[in-house]
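Please keep the sequence and the structure open while reading.

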Amino acid sequence: MTVTLPTTKTKPTTDLAKQSILLYGVPKLGKSSFASQFPEAMFFECEPGLNHLEVFKVPTYSWEAFLEACKLLAKGDHNFKTLVIDTVDNAFKMCSDYVCAKHGIEYEGDMGHGKGWALVKNEWHRVLTRLASLPYGLILISHAVDKTIETRTGEYTKTTPSLPDRARNVVLGLVDIILYGDSVSRKDAAGNLVVDRVLRTKPHPTYEAGDRTGRLPEMLPLDYAAFNSAFSGTALNSTAQSPAPGKGPAASSSNPGSTPAGKAVKQ
């Protein structure tokens, strides 16, 4: 193989259908519904829960089935543009079970010197990297969990994807956008309590989020039309409304355990 040095700079990818996204949040928030609206989406169904949606899906309840679906997609003989792993938590468990069975062990820790952990991580990294390199969008759906973070001055709670650390670290380094699906409460003009489902996109001490593209606002509705409009920089021609002004990260949450600005540091 001949290697040559580049003579021109690469152009940033501005096609939403080519982004790698981690989307996580509490169950029943609407994460799968949101992902199903991406261009020509195809779901790796790693756990039940898609029966209420009209989607293209491949039941992948084993790592062998997952790998077979990946091979078929890599051939390119299809019209899909977005691949959705729902949920990535279950996909990782299947990966771990597969590697353990292959090496005749029950748990990664049964191999000495961390070899079992390394084998699982290598398989996980290999397959996810291959999927992300395909010319399609990739959406990884996960649940949310609150973790206690200890510092020299105290501790606080941070909401993160529920993946184990060894799997989460691979995912976080792979994706372009990390979206935290949250819910915030507010009062409307009549004084009634309204709960908005939102996406948080920027890093914050009390939840995991990020946007390498720099195209997204700090918070926007959990609505595909609003998300697509924000990413593309076009005017939104839909009934989707932005969260009420002033209801950013400091807004109260319907889940007290995930209130970004309300998580006091314990001294």
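K28 sits in the loop between β1 and α1 (31-35); helices (H or I, at least four residues) and strands (E, at least two) are DSSP runs, numbered from the N terminus. Its phi is positive, about 65 degrees, although K28 is not a glycine. K28 is exposed, with a relative accessible area of 83%. Here buried means under 20% relative accessible area, exposed over 50%, and partly exposed in between (1.4 Å probe, protein chains only). The model is predicted, so local features need pLDDT of at least 70 and side-chain atom pairs count only at pLDDT 80 or more, while totals for chains, interfaces and linings use all residues. Residues are numbered from 1 along each chain as its sequence is written, and side-chain values use heavy atoms, with hydrogens and water left out.

E40, in the loop between α1 and β2 (41-45), is another residue other than glycine with a positive phi, near 40 degrees. With 40% relative accessibility, E40 counts as partly exposed. The peptide bond from D86 to T87 is cis, with omega near 0 degrees, and T87 lies in the loop between β4 and α3. Most residues other than glycine have a negative phi, and most peptide bonds are trans.

Turning to the whole chain, the protein has 6 helices and 10 strands. Of its 267 residues, 45% are buried. The protein exposes about 14,300 Å², and carbon and sulfur atoms supply 52% of that area; accessible areas come from the Shrake-Rupley method with a 1.4 Å probe, and for residues only the protein chains shown count as cover. Among contacts (heavy atoms within 4.5 Å) with a separation of 6 or more, 61% are between residues 24 or more positions apart.

How do the axes of α2 and α3 cross? Helix α2 (residues 63-75) and helix α3 (residues 88-102) have axes that come within 8 Å and cross at roughly 110 degrees. Axes are lines fitted to C-alpha atoms, for helices over the stretch in contact, and angles run from 0 to 180 degrees between N-to-C directions. The two helices are therefore roughly perpendicular to each other, on a scale where angles under 35 degrees count as roughly parallel, over 145 as roughly antiparallel, 65 to 115 as roughly perpendicular and the rest as oblique. W63, E64 and F66 of α2 meet A91, M94, C95 and Y98 of α3. The residues of this contact comprise 6 nonpolar, no polar and 1 charged. In that division Ala, Val, Leu, Ile, Met, Phe, Trp, Tyr, Cys and Pro count as nonpolar, Asp, Glu, Lys and Arg as charged, and the others, Gly among them, as polar.

W63 and F66 also belong to an aromatic cluster, together with F44, F92 and W124. Rings of Phe, Tyr and Trp (its six-membered ring) pair if their centres lie within 6.5 Å; planes under 30 degrees apart count as stacked, over 60 as edge-to-face and the rest as tilted. By this rule there are 13 aromatic pairs. In one of them, F56 and F80, the ring centres are 5.3 Å apart and the planes stand at 65 degrees, so the pair is edge-to-face. F56 lies in strand β3 (residues 56-59) and F80 in the loop between α2 and β4 (82-86), so the pair ties together parts that are 24 residues apart in sequence. F56 is exposed, at 56% relative accessible area, whereas F80 is partly exposed, at 22%. The rings of W63 and W124 have centres 6.2 Å apart and planes at 35 degrees, so this pair is tilted. W63 is in helix α2 and W124 in helix α4 (residues 115-133), so their pairing ties together parts 61 residues apart in sequence. Both W63 and W124 are buried.

Helix α5 (residues 165-174) has A167, R168, V170, V171, L172 and L174 buried. These residues pack against β1 (20-25), α3, α4, β5 (137-151), β6 (154-161) and β7 (177-187).

Strand β5 holds I139 and I141. I139 is buried, with a relative accessible area of 2%, and I141 is buried at 1%. Leaving aside residues up to four places away in sequence, I139 touches I21, A35, F38, T82, L83, V84 and I85. With the same exclusion, the residues that I141 touches include L23, K31, V84, I85, D86 and T87. I141 and I85 are 56 residues apart in sequence, with their C-alpha atoms 6.1 Å apart.
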